[in-house]
Amino acid sequence: MKHIGVLVAVEIGSVLEKYKDKLREEKHALFSVYALQKENATLYFVHSGAGEIRAAAAAQLLVDKYDIDLLINFGVVGALTKDFKSAQTCFAKRVVHYDFDTSAADNCEVGRYNDYPEVFLHTSADILEKASRLYPDIPLVTVASGDKFIADEAQKQKLHEDFSADICDMESAAVVLISDMNSVPNLLIKTVADSVTGGAAEFRARFSEGAEIALKIADDFCNQNYS
């Protein structure tokens, strides 16, 4: 029986609506975990809240309490280029933690952890290949991840220019770091809510639709590979 952890930052409403009375809730300090039993796997959805710190704590909780075999993160994001429109879904190939910066102390590049060879944190290639076989038309992207909601078009364009990033969010760096630290594979599924010219209003308007799309793909992946 496989154990699959699913980190959900702020999109937990889509999980509660989709699975309703099939979920079993467990409380761990400030975190709620919702267990869903499938034929050959148990999914554990943890509601982390927004931001890298909460995401890291919630991801580690899934590892420690549920001995997970895979860590999935799905959610809504902002686009950093005009190539990505609202409601478009992506798989993360690599992530840069753009507001991690020790350069004043060690001259390390902005975004790079010293124990990594470059600024990019790469997701699990074998899991990504399985997801791409299931959804071959979904693009593979670079995520700029940090503790900021980026609404300004100029800031979005700068993140794209600095890191060749396609989308931005507030959790992906934590998910990949915790996965790497615990040798647990990962899959990051992101659906664009706000376009590069959009901001908070567009994000709110397209939030529910984007969350439902990303959750469906996560569910399809688990059904295809763990049922």
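**Exercise 1. Is Ser124 buried or exposed?**

Solution. The model is predicted, so local features need pLDDT of at least 70 and side-chain atom pairs count only at pLDDT 80 or more, while totals for chains, interfaces and linings use all residues. Residues are numbered from 1 along each chain as its sequence is written, and side-chain values use heavy atoms, with hydrogens and water left out.

Step 1. Locate the residue: Ser124 is found in the loop between β7 (120-122) and α4 (125-134). Helices (H or I, at least four residues) and strands (E, at least two) are DSSP runs, numbered from the N terminus.

Step 2. Apply the cut-offs: buried means under 20% relative accessible area, exposed over 50%, and partly exposed in between (1.4 Å probe, protein chains only). Ser124 has a relative accessible area of 14% and is therefore buried.

Step 3. List the contacts (heavy atoms within 4.5 Å). Not counting residues up to four places away in sequence, Ser124 touches Pro185 and Asn186.

**Exercise 2. Describe the largest nonpolar core.**

Solution. Step 1. A nonpolar core is a set of buried Ala, Val, Leu, Ile, Met, Phe, Trp, Tyr and Cys residues joined through side-chain atoms within 4.5 Å. In soluble globular proteins, nonpolar side chains tend to be buried together.

Step 1. The largest core holds 36 residues, of which Leu7, Val46 and Leu71 touch the most other members.

Step 2. The elements that each supply at least two residues of this core include β3 (31-37), β4 (41-47), α2 (52-66) and β5 (70-79). The largest share, seven residues, comes from α2.

Step 3. Apart from this core lies another, of 29 residues, among them Leu23, Leu43, Leu70 and Tyr226.

Step 4. Beyond its neighbours within four places in sequence, Leu7 has contacts that include Val46, Ala55, Leu62, Leu71 and Val175.

**Exercise 3. What share of the chain's residues is buried?**

Solution. Step 1. Buried residues make up 55% of the 227 residues.

Step 1. For the fold as a whole, the chain contains seven helices and 10 strands.
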